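Have a look at the structure first, and then we can go through a few of its features together.

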Amino acid sequence: MKHYITLLSLLIVSLGFAQKDPVAIIKSVNALKKQTIAQMQANTDKTKNDFLYDKFKKEAREKLLEIEDIESSSFKPYLKKDGGFTTDFQKLLNNSGLQDAWDEGFGGFYFKKGYLAKIFKNYLSEEYLLYIRINDIRPFMYNDAALMISWNELGTLLLNECNFIKKYPNSKKLREVKLCYADDVITFIFGIDNTPSFEIPVARKTMKAFVSKNPEALATPLVKIYLENTKVNKNGMTVYKDENKNLYDLINAELEKQLGGKISDLSSEYNED
């Protein structure tokens with residue numbers, strides 16, 4: 001009897017490992033991706049393909065979230081002694097278009113910037129392709145309260161959000177994009193905790209270029225408020241012209257006018273959808 005109990009225990013452990021095995025999960029995502037592309041190829045209606053993309057993205061995310069922390073036992077076969085991934089596992093990630101994301105620790109695996117837009121570009125609407133360009137960089141933007149992309153990349157992302165809001169006012173993705181815009185325009189102007197814009201000369205330079213090149217963009221009036229109310233001191237740092245003026249509150253108030261209400265309300269509505 002004990003022999004059978006031991007075998008049953010081993011079987012349960014083996015099945016549990018198989019379900020959490022990163023390689024098995026990634027291969028299942030690849031199979032789902034292949035299946036979705038085949039469905040899209042058989043369909044000429046890009047609106048229906050947009051729906052198929054949403055379904056794929058949701059299911060793929062759920063699968064990838066099943067992968068346990070990098071320090072778990074399921075990861076041991078795929079880690080080198082120095083902590084990096086083994087050659088075969090890294091090759092699987094590369095071939096699958098996946099990249100590890102970090103934010104004060106391991107944050108999971110996500111599709112690389114540009115990968116999904118590339119493999120789905122022939123099947124999706126222009127609306128969804130623009131949405132993907134807004135969405136796919138987000139897991140890699142921050143780490144330890146620091147900005148991990150350049151100000152130029154952030155400006156491009158912000159412009160894509162501005163264009164989406166203007167071009168697709170009836171999109172079901174509009175609330176999500178507006179929330180991204182609200183976060184990103186504040187980061188573009190002020191930076192974040194460990195990457196404040198006032199300490200980084202290229203940040204101000206990029207803001208000036210953005211305003212000059214995109215006078216009609218939604219974000220331009222907000223960026224102009226900051227530029228017009230700040231200056232560069234002799235140490236090369238950006239400082240307020242009037243220390244008594246709260247630029248954050250001023251810009252945030254104008255931002256909420258653009259969005260048609262408080263950002264917290266928009267966030268609540270999005271979470272309810």
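## Two helices side by side

Let's begin with a helix pair. In this predicted model, helix α6 (residues 126–135) packs with helix α8 (residues 174–190) at an angle of about 35°, and their axes are 11 Å apart. The crossing of the two helices, α6 and α8, is left-handed.

Which residues make the contact? On the α6 side they are Tyr131, Ile134 and Asn135, and α8 brings Glu176, Val177 and Cys180. Sorted by class, the contact of α6 with α8 has 4 nonpolar residues, 1 polar and 1 charged.

## The cysteines

How many disulfides does the structure hold? The count is 0. Cys162 is in no disulfide, and the nearest cysteine sulfur to its own, that of Cys180, is 12 Å away. A disulfide would need the two sulfur atoms within 2.5 Å.

Are these cysteines buried or exposed? Cys162 counts as buried because its relative accessibility is 4%. Cys180, one of the α8 residues in the contact with α6, also counts as buried, at 10% relative accessibility. The cut-off for buried is under 20%.

The protein averages a pLDDT of 89, and 91% of the residues score at least 70. Among its elements, helix α7 (residues 151–167) has the highest mean pLDDT, 98, while helix α1 (residues 2–20) has the lowest, 46.

Where pLDDT is low, the predicted coordinates should not be read in detail.

Key:
Residues are numbered from 1 along each chain as its sequence is written. This is a predicted model: local features need pLDDT of at least 70, side-chain atom pairs count only at pLDDT 80 or more; totals for chains, interfaces and linings use all residues. Side-chain values use heavy atoms; hydrogens and water are left out. Axes are lines fitted to C-alpha atoms, for helices over the stretch in contact, and angles run from 0 to 180 degrees between N-to-C directions. Helices (H or I, at least four residues) and strands (E, at least two) are DSSP runs, numbered from the N terminus. A crossing is left-handed if the near helix is turned anticlockwise from the far one by less than a right angle, and right-handed if clockwise. Contact means heavy atoms within 4.5 Å. Ala, Val, Leu, Ile, Met, Phe, Trp, Tyr, Cys and Pro count as nonpolar, Asp, Glu, Lys and Arg as charged, and the others, Gly among them, as polar. Buried means under 20% relative accessible area, exposed over 50%, partly exposed in between (1.4 Å probe, protein chains only). pLDDT is the predictor's confidence in each residue, from 0 to 100.
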